[in-house]
4 protein chains.
Amino acid sequence: MDDHVKEECGVFGIWNLGNESVAHTIYQGLLALQHRGQESAGIVVCDTNGPIGNICTHKDMGLVSEVFHKEALDKLRGNIGIGHVRYSTAGGSVVANAQPIVLNYLKGTLALAHNGNITNADELRLELSKEGAIFNGTSDSETIAYRIAKERIGSDSIEQAVYKTAKRIKGGYALLVLSPRKLVAVRDPYGIKPLCLGKCGDSYIVASESCAILAVGGEFIRDIEPGEILTITKEGLCVDHSLQIKERAHCIFEYIYFARLDSKLDGINVYDARIAGGMALARRYPVEADVVTGVPDSGLVAAVGYAKESGIPFSLTFHKNSYVGRTFIKPTQEERANAVQAKLSVLEPVVRGKRIVLIDDSIVRGTTIANLIHMLRGCGAKEVHVRISSPPFLYPCYYGTDVPDNSQLIANNMTVEEICTSIGADSLGYMDISDFPCMTGNLPICKACFDNRYPV
Amino acid sequence: MDDHVKEECGVFGIWNLGNESVAHTIYQGLLALQHRGQESAGIVVCDTNGPIGNICTHKDMGLVSEVFHKEALDKLRGNIGIGHVRYSTAGGSVVANAQPIVLNYLKGTLALAHNGNITNADELRLELSKEGAIFNGTSDSETIAYRIAKERIGSDSIEQAVYKTAKRIKGGYALLVLSPRKLVAVRDPYGIKPLCLGKCGDSYIVASESCAILAVGGEFIRDIEPGEILTITKEGLCVDHSLQIKERAHCIFEYIYFARLDSKLDGINVYDARIAGGMALARRYPVEADVVTGVPDSGLVAAVGYAKESGIPFSLTFHKNSYVGRTFIKPTQEERANAVQAKLSVLEPVVRGKRIVLIDDSIVRGTTIANLIHMLRGCGAKEVHVRISSPPFLYPCYYGTDVPDNSQLIANNMTVEEICTSIGADSLGYMDISDFPCMTGNLPICKACFDNRYPV
Amino acid sequence: MDDHVKEECGVFGIWNLGNESVAHTIYQGLLALQHRGQESAGIVVCDTNGPIGNICTHKDMGLVSEVFHKEALDKLRGNIGIGHVRYSTAGGSVVANAQPIVLNYLKGTLALAHNGNITNADELRLELSKEGAIFNGTSDSETIAYRIAKERIGSDSIEQAVYKTAKRIKGGYALLVLSPRKLVAVRDPYGIKPLCLGKCGDSYIVASESCAILAVGGEFIRDIEPGEILTITKEGLCVDHSLQIKERAHCIFEYIYFARLDSKLDGINVYDARIAGGMALARRYPVEADVVTGVPDSGLVAAVGYAKESGIPFSLTFHKNSYVGRTFIKPTQEERANAVQAKLSVLEPVVRGKRIVLIDDSIVRGTTIANLIHMLRGCGAKEVHVRISSPPFLYPCYYGTDVPDNSQLIANNMTVEEICTSIGADSLGYMDISDFPCMTGNLPICKACFDNRYPV
Amino acid sequence: MDDHVKEECGVFGIWNLGNESVAHTIYQGLLALQHRGQESAGIVVCDTNGPIGNICTHKDMGLVSEVFHKEALDKLRGNIGIGHVRYSTAGGSVVANAQPIVLNYLKGTLALAHNGNITNADELRLELSKEGAIFNGTSDSETIAYRIAKERIGSDSIEQAVYKTAKRIKGGYALLVLSPRKLVAVRDPYGIKPLCLGKCGDSYIVASESCAILAVGGEFIRDIEPGEILTITKEGLCVDHSLQIKERAHCIFEYIYFARLDSKLDGINVYDARIAGGMALARRYPVEADVVTGVPDSGLVAAVGYAKESGIPFSLTFHKNSYVGRTFIKPTQEERANAVQAKLSVLEPVVRGKRIVLIDDSIVRGTTIANLIHMLRGCGAKEVHVRISSPPFLYPCYYGTDVPDNSQLIANNMTVEEICTSIGADSLGYMDISDFPCMTGNLPICKACFDNRYPV
């Protein structure tokens with residue numbers, strides 16, 4: 001039913017200098033990052049005053065609220081820790097792939113939480129295999145963790161091992177590494193994946209998005225810079241810039257869809273970017289209409305922007321039934337209702353006799369939007385003009401976004417006109433790549449999924 | 001965390017003339033009525049071609065999606081049926097009180113689904129007890145069911161028994177009665193509780209709200225009239241108006257908060273009523289401001305109305321985390337976050353430096369709105385003006401709405417000025433009773449909870 | 001897999017004069033009675049010092065250990081209470097039929113736990129129905145409960161209502177009735193169903209079998225006499241013999257199979273009766289053999305008796321896998337193993353080259369014993385002589401035992417010789433009715449299922 | 001409540017040449033080995049006709065019947081596979097330690113199931129760590145699996161890697177290694193742990209005990225020899241004896257308690273050994289008595305042997321309540337019953353006025369036997385003479401048996417006379433080490449836990 005590309009993961013780390021237990025705070029932080037991954041969740045904590053290697057882990061398949069019960073959280077005692085939410089791609093959705101990963105090796109114990117994808121994972125894995133590495137799973141995250149452990153043996157510190165590993169891996173990533181006394185955070189040199197720093201009372205926090213820092217009652221300090229290795233210890237923060245390069249390429253899809261509306265990434269409010277996107281769309285594809293609306297919740301803010309720029313009033317047009325969740329039993333073929341209808345219903349007074357502009361952030365397969373247009377017409381909409389606040393999605397992402405096969409991508413198989421007909425719209429307009437600066441100013445962005453120019 | 005009065009129940013009934021199984025359709029209908037009751041759910045079906053008394057029941061504590069799994073639905077075979085969702089008040093939330101109620105007696109089997117509250121339940125119960133009635137629980141619904149069964153013995157038909165019972169009971173109610181070959185629906189003479197009729201293929205449907213008819217792919221026919229007894233049999237519909245009286249008193253809170261946004265009750269779209277309410281509020285309590293917004297989701301539509309009338313732009317101002325559900329572990333006292341913050345977060349770009357009008361439908365205890373105002377100020381709001389799209393809630397409801405004790409109702413213990421100070425708002429304005437016609441035209445309404453004038 | 005007739009229920013009641021909570025003790029007692037019913041379990045308690053009507057109930061489908069968790073038990077506060085385990089027959093295995101039954105009526109609340117079956121239930125039910133009674137289920141237990149409640153209205157006391165009810169009901173039964181201040185126990189005038197009295201510290205106990213009294217650390221006082229109505233109050237015990245008649249007819253199957261090995265019923269140890277039964281069988285059907293053994297666990301004690309009388313040594317011959325429970329996944333058709341083999345395996349050293357006497361308590365369908373004989377021969381048994389410690393089961397039981405349809409009873413469809421051939425035995429001998437006095441002396445017994453002479 | 005030393009694991013492997021799915025058969029086999037480990041269970045299967053590395057795993061904490069549901073079994077498709085049941089010792093009972101272990105490495109995938117304990121695990125682990133190995137857990141089984149994977153890289157075959165690994169590891173073990181096309185079984189050179197070979201239709205089976213082969217409908221072929229490496233491939237069996245040594249030391253406790261009654265290990269029936277043990281005990285510690293009995297189920301067979309030798313009749317004396325399982329709620333301190341009493345009850349007719357010989361296989365803490373003696377006296381036993389079919393347990397086992405701390409071993413802290421007084425027996429006799437040949441003939445045995453002479 002959900003017709004979107006998927007972000008793969010979210011990470012959250014915390015170091016409490018006051019020796020307070022951090023598991024409940026990680027839990028709240030992961031709840032705020034749940035939109036980045038709904039298949040598994042995990043927390044690893046460590047007491048920096050306890051014996052080395054005294055690490056506690058709890059992870060399982062499911063939502064944060066399903067994986068953690070109060071009893072489980074209370075057992076996770078420690079003043080530093082990392083957490084992870086995951087949406088799994090190929091390799092399957094199995095408990096063995098739940099993160100954080102925990103390893104035992106010559107130098108002790110380390111844990112890793114990883115958001116992103118490594119493009120040279122196979123090469124690194126083979127290299128490690130040839131040197132005798134033995135793996136439990138097949139994920140690139142495990143490969144990174146093994147590499148760090150391996151490098152740690154010939155290094156002076158865990159941060160040096162992280163540095164040496166980061167020099168070798170290519171792709172987009174945000175990594176959190178927990179060793180018994182240190183929390184190391186590193187962001188890929190291009191800054192493809194987001195990662196930021198905050199403070200909450202006696203604690204330092206690193207998280208995929210600023211919304212997680214605010215959700216635990218903390219304050220945002222700054223983004224971790226692309227290529228920055230940040231080490232948090234008892235003594236405080238220690239920054240290493242030696243990985244940094246000149247080029248940057250922040251993922252544009254974080255602003256279009258992935259990141260939460262209340263997050264600020266690399267200096268730009270997600271909300272502002274989406275409003276601006278809607279405004280650009282209104283300038284590029286204006287239309288005479290009575291109402292602007294968005295697909296809940298992915299298209300709502302761009303719709304507000306479109307309305308603002310076009311002068312056509314914005315309105316909520318669909319009611320979303322929040323009780324229709326993952327476990328609801330879909331209507332059968334014989335029934336007159338369908339799954340989209342169970343989740344969303346049209347506010348008829350808003351649409352009857354009206355010309356509607358309907359905004360969404362993207363079209364992947366096109367099934368959901370076709371259903372919604374059908375429902376709008378069924379409630380008396382005179383015209384339905386679709387505007388999409390991103391360009392047609394044409395190329396695969398190698399940095400950690402889950403995209404269906406080319407054959408399932410409607411934009412790969414049809415022209416814009418054909419798509420328009422296929423979904424039953426009166427007109428269809430996609431955002432143009434040249435409009436991105438309206439959203440993100442002169443921030444260097446990765447837009448390879450639209451133009452095939454891969455930064456790495 | 002949720003600071004609202006609660007509707008107590010929703011009902012859904014269906015008669016399929018084509019002998020198709022109706023359990024899946026009732027399930028979809030109950031999902032659409034879930035907002036009317038989240039504590040228990042149940043379905044009873046019967047095969048009108050099978051032997052008399054061949055009734056199947058499944059009911060339990062929990063949400064519709066928790067109570068019913070595919071296997072359980074598939075076992076409920078029958079072409080007529082009724083369903084119920086319940087929010088329990090005093091008497092406790094126990095499985096014995098889950099509806100529909102099923103009884104076996106001299107004339108066979110009957111099942112009952114009830115939304116509402118009977119004001120003379122104790123008197124009727126005692127009367128029945130004196131005549132030898134023996135009950136399994138203590139609810140007024142069981143009392144009604146027993147009364148119907150008792151009357152059935154001296155009556156020619158189940159609909160006559162329902163009529164005789166309805167003559168005796170006082171209060172607000174919508175009842176569905178399933179006997180092996182008939183489905184009887186009755187609405188209280190004042191029309192306090194809603195009930196409507198629809199059609200879906202070969203099926204007739206009766207439901208608390210029109211949204212449930214649409215959600216199953218059906219079409220709305222009309223409201224059941226106050227005091228109407230509608231009997232559905234193999235031959236079709238049969239209407240009895242002999243209960244009807246002149247007075248009517250439709251519950252105003254259905255329009256303010258209870259009913260779903262996409263429902264139409266007694267000729268008035270809930271959406272339109274809420275827009276109109278927001279507009280009336282803007283006329284009565286105008287204010288200089290930069291943004292109008294609503295508490296998600298209860299205040300959003302009235303906020304759109306306020307914006308429309310005042311010319312101040314509407315904006316979404318909060319992000320709602322849909323992953324924070326009933327089972328989430330609340331932040332502890334020591335943590336800097338709170339439960340409201342886990343569920344809602346401020347879109348800072350919208351509020352920084354701005355004068356905000358914040359709309360909600362009501363204030364019961366005042367704790368949630370105080371938290372939200374505090375969060376808005378923390379994100380830089382210059383002023384926060386609160387507008388409430390209902391008058392202060394002062395009197396108990398005897399017709400099936402769950403209201404906290406007087407001592408917990410903020411409006412019973414403070415003046416408007418004191419409430420304004422207590423919640424930290426810059427100004428506070430409640431809708432006036434005289435504004436209700438803006439919302440519901442000349443529909444006769446029950447507004448006893450605001451003015452102490454009880455229709456029954 | 002289990003080829004036995006089934007007892008339908010067990011009851012346990014307790015009155016603690018020291019005001020201690022009794023729920024944990026009832027739980028232990030029900031565990032000891034679990035062999036009498038495995039489909040549902042329930043406990044009702046009441047605090048005799050609390051307000052009238054203050055009754056707490058917990059009941060559900062499942063074993064005692066599945067239905068009750070520590071938290072649930074701790075919530076059941078009260079110093080008097082009754083418990084029930086149930087094996088359901090016709091009417092289906094549904095939660096609505098779980099006992100104890102709790103009723104609310106003019107005189108307050110009462111709860112009932114019932115073991116047995118009423119032969120005139122339909123007549124009583126119709127009578128009640130005609131007087132206006134409305135039922136929630138269809139069981140004879142509910143009929144009894146309603147009758148007691150009805151009689152209570154015109155009676156001076158609950159025990160008088162129980163007496164009046166007992167005068168009207170026919171069949172075999174043991175009833176426990178809990179009213180807010182009293183516990184009433186009654187046994188049918190023929191004494192078909194067992195019921196006994198014990199003491200444990202400050203508590204009086206009534207239970208279906210003495211083993212339950214001992215299991216909670218109490219001591220057996222005496223059997224409740226057939227037709228005795230025993231009322232336990234704060235003041236102590238009060239006995240009413242007015243129901244008593246001359247005839248008695250204790251169910252012989254309690255001694256043969258139903259009752260637990262360590263119980264003593266109406267003066268006779270179950271263990272002794274089974275030993276004596278085995279001895280009688282040895283006298284009636286002697287055979288030259290090397291080893292006597294029994295089907296675990298139903299035939300073991302009679303086998304010890306046969307061994308004792310015949311002089312042939314007894315041996316354990318099967319190992320029982322206690323990990324193969326109700327939820328185990330049976331071998332599929334294609335597999336070489338079968339369900340009996342997963343549960344029981346042959347001790348080959350005991351049987352190789354030996355002539356075996358194999359004892360069981362009864363043959364219902366004959367499938368299990370056929371499997372066991374096949375397994376014994378597969379392990380080298382030279383001969384297998386089957387002896388059954390009851391006569392062929394030929395007639396239905398109307399007093400609360402679950403017997404398959406006649407068509408499934410092997411003894412109804414074959415001669416003893418044919419059965420012998422069909423199960424693959426070398427010889428087969430059933431106990432003769434005339435041997436019962438060996439087991440139960442001159443205790444008057446009900447043996448209608450063997451000889452068609454029904455006492456009631 | 002259970003006062004025994006624990007065996008740590010059971011293993012089951014199968015190769016079906018007819019390409020049938022083996023998961024259901026492994027499930028049945030693990031059910032038959034459940035007595036060897038109740039904390040976790042797992043199955044790994046592979047389709048030898050599918051692509052290399054196509055391995056499916058399901059494992060979790062719990063009993064076999066809890067871990068596997070039909071759906072899960074049906075998903076495990078493959079014609080070769082291994083399964084494991086585990087009782088965990090130090091390191092805790094966590095899902096990460098559930099077996100079989102699955103590894104991915106340069107040569108593909110391998111899975112390992114291990115029963116036993118390696119005495120030089122720390123040394124091997126450190127050696128691997130120094131060479132760069134990174135572990136997920138801390139168990140010796142993981143160390144072995146890594147070692148095999150490591151050796152595989154420089155070897156011609158998986159069986160050669162197993163050989164090289166086996167040359168390095170010390171201790172008692174039975175290992176099953178699954179590579180995509182081969183199943184390798186190896187037993188430690190001393191034969192401390194049991195392992196045997198069977199056939200079932202088109203399948204070869206290896207299992208810890210012969211009972212598992214019979215339980216799946218197969219036939220026992222022979223024991224795997226100590227030090228034998230058996231490789232099963234499409235072509236059949238391939239045997240390698242190069243690990244073999246002259247000394248052997250079969251664990252005597254398998255015969256005394258661990259192995260299932262119907263198993264035959266290294267040519268000796270467990271049943272025969274226990275009968276012989278009881279007979280030896282009768283010769284060494286005769287006593288005048290009326291009845292011989294055993295603690296269910298651990299002492300029953302030795303009791304039959306004692307009875308046979310002494311001429312004193314054997315009798316069952318306790319009833320075991322099979323409904324009292326792992327989840328039952330123990331009686332509280334205040335209650336008059338205790339946990340032993342809930343599980344076992346005395347058959348009073350057997351013991352009243354009698355002199356009892358009570359046999360068990362061992363005494364660890366002494367609490368359970370003390371309770372039983374107390375219960376026997378409470379039921380009128382005149383004398384209770386305890387006989388134990390093993391010597392006092394004095395020394396730790398390094399080969400995979402879980403023994404409590406010395407401080408908890410009653411035999412380490414008291415003389416036999418003191419133990420006798422402490423448990424309340426009239427006399428107490430332990431089997432003598434010199435009696436072992438009665439049980440196991442001239443089979444070389446490991447009896448280090450009694451005499452401190454460790455074979456390895």
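How many residue pairs are in polar contact across the interface of chain B and chain A? The views below get to that count.

**View 1. The two copies and their axis.** This is a predicted model, where local features need pLDDT of at least 70, side-chain atom pairs count only at pLDDT 80 or more, and totals for chains, interfaces and linings use all residues. Residues are numbered from 1 along each chain as its sequence is written, chains are lettered from A in the order in which they are written, and side-chain values use heavy atoms, with hydrogens and water left out.

**View 2. The buried surface.** Chain B and chain A bury about 4200 Å² between them, 64% of it on carbon and sulfur atoms (accessible area, 1.4 Å probe, lost on being put together, summed over both). On the chain B side, Tyr323(B), Ile329(B) and Pro349(B) lose the most area to chain A, together 17% of what that side buries.

**View 3. Who touches whom.** Each chain puts 51 residues into the contact (heavy atoms within 4.5 Å). There are 18 residue pairs in polar contact, both at pLDDT 80 or more (N or O atoms within 3.5 Å, one able to donate a hydrogen and the other to accept it; residues adjacent in sequence count only if both atoms are side-chain atoms).

Methods:
Buried area is the accessible area (1.4 Å probe) that two parts lose on being put together, summed over both.
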